[in-house]
Amino acid sequence: MLEQMGIAAKAASYKLALLSSREKNRVLEKIADELEAQREDILLANEQDVLEARRNGLSEALLDRLALNPARLKAIADDVRQVCNLADPVGQVIDGGLLDSGLRLERRRVPLGVIGVIYEARPNVTVDVASLCLKTGNAAILRGGKETWRTNAATVKVIQQALEACGLPAGAVQAIESPDRALVNEMLRMDKYIDMLIPRGGAGLHKLCREQSTIPVITGGIGVCHIFVDDTAEIAPALKVIVNAKTQRPSTCNTVETLLVHQGIANDFLPALSKQMAESGVTLHADEQALAQLQSGPAQVVAVKAQEYDDEFLSLDLNVKIVASLDDAIAHIREHGTQHSDAILTRTLSNANRFVNEVDSSAVYVNASTRFTDGGQFGLGAEVAVSTQKLHARGPMGLEALTTYKWIGYGDDTIRA
């Protein structure tokens, strides 16, 4: 079954690579219109997925990721329309010039070919990936989690109908609907057909893909994000940023998980933090020094467990640790971070510059929320993933990250001397 999908995807990728920007945008507009026109079918499928996931004990954080409603579905369709407005990188000449040999050389962006994406309870990923792949002339093979199979099937059906209505093969976007995990292992070895693999899920999925895949893998999306409050930070603005980073949507990978507080500000900052976190419904997981100060405050507080520094809560829980210096904060981030998103709250330029230069994450912020690490917020359109590695792409992956390039030489019967 998967080989037939691979053959269809590869064949479709050759046709997609030849489309003009206007033709690709016409497909995307059709997809957006059909998502809204057939929303009842998609929402019914999603309702069934959510009910089953709840019966199976899925966490509230994952249920939030899984659930669609009319507003979320409209937002997804609008994201597709937004991709239409983005500049098409395919065909862009990156650089080049005339060589001494007389050969005119240029480096031009081209599609990667076929993109494989493995993800969990995130039905919006289906449309995000499809729209970005189609905009860049790539075909896609998608494998969502078992929790979302009905939603994904309904969504891909709509996308394929839109493709065929525009005269394009349905094989340009396909989904593996079977929950059989053996198919994931088979997919990881489809290097004959899939040019790049993107896992979007937990640490276990990323580890499996890194160890088993024969296809180049883009890893990321695991966000153990930090905010360091230094001793020159202003308390009220700092709390505003922390509340946003923790509570706006706690189930996302760019949510802050650990708050590092400089000991020079702790006595004044921690009581204010406790009051604010109590109002926001956040449970604090404090180290020994912070726990002693926070226990008398209104926020719910427990002793932090060592492993919690390395895991995502994806909920209204926040680690709090007191550090002696900027050096200690950077050392903690280097040991426990996932190179996703980290921030410093400070009023000292030298501290901000040191943090930016020494914290090796895909996104680093000064006096801003980690929640900005997002393709839409960065002006890239709906992202296909957030890469925390360093080769090919890093941070939110928009359109350019789904392209490669080829060298093209133009001569006049030119030969090498």
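## Basis of the model

The model is predicted, so that local features require pLDDT of at least 70 and side-chain atom pairs count only at pLDDT 80 or more, while totals for chains, interfaces and linings use all residues. Residues are numbered from 1 along each chain as its sequence is written, and side-chain values use heavy atoms, with hydrogens and water left out.

## Domains

The domain assignment, which is automatic or taken from a database, divides the chain into domain 1 (1–219 + 391–409) and domain 2 (225–377). Their C-alpha centres are 33 Å apart.

## The interface

Seven residues of domain 1 are in contact (heavy atoms within 4.5 Å) with twelve residues of domain 2. Between them the two domains bury about 720 Å², and 47% of this lies on carbon and sulfur atoms. Buried area is the accessible area (1.4 Å probe) that two parts lose on being put together, summed over both. Of the area that domain 1 buries against domain 2, 62% is supplied by Arg-65, Arg-394 and Pro-396, more than by any other three residues.

Two salt bridges (a side-chain nitrogen of Lys or Arg within 4 Å of a carboxyl oxygen of Asp or Glu) are counted between the domains. Asp-64 forms a salt bridge with Arg-249, with the closest N and O atoms 3.3 Å apart. On the side of domain 1 that touches domain 2, helix 4 (60–66) and strand 15 (395–396) are the elements that give two or more residues. Helix 4 provides the largest share, three residues. Helices (H or I, at least four residues) and strands (E, at least two) are DSSP runs, numbered from the N terminus.

## Annotated spans

UniProt, in an unreviewed entry, lists residues 8–285 as "domain: Aldehyde dehydrogenase"; such annotations may be inferred rather than shown by experiment. This span is 51% helix and 17% strand, and its end C-alpha atoms lie 50 Å apart.

The unreviewed UniProt entry also lists residues 18–48 as "coiled-coil region". Residues 18–48 are 87% helix and 0% strand, with end C-alpha atoms 39 Å apart.
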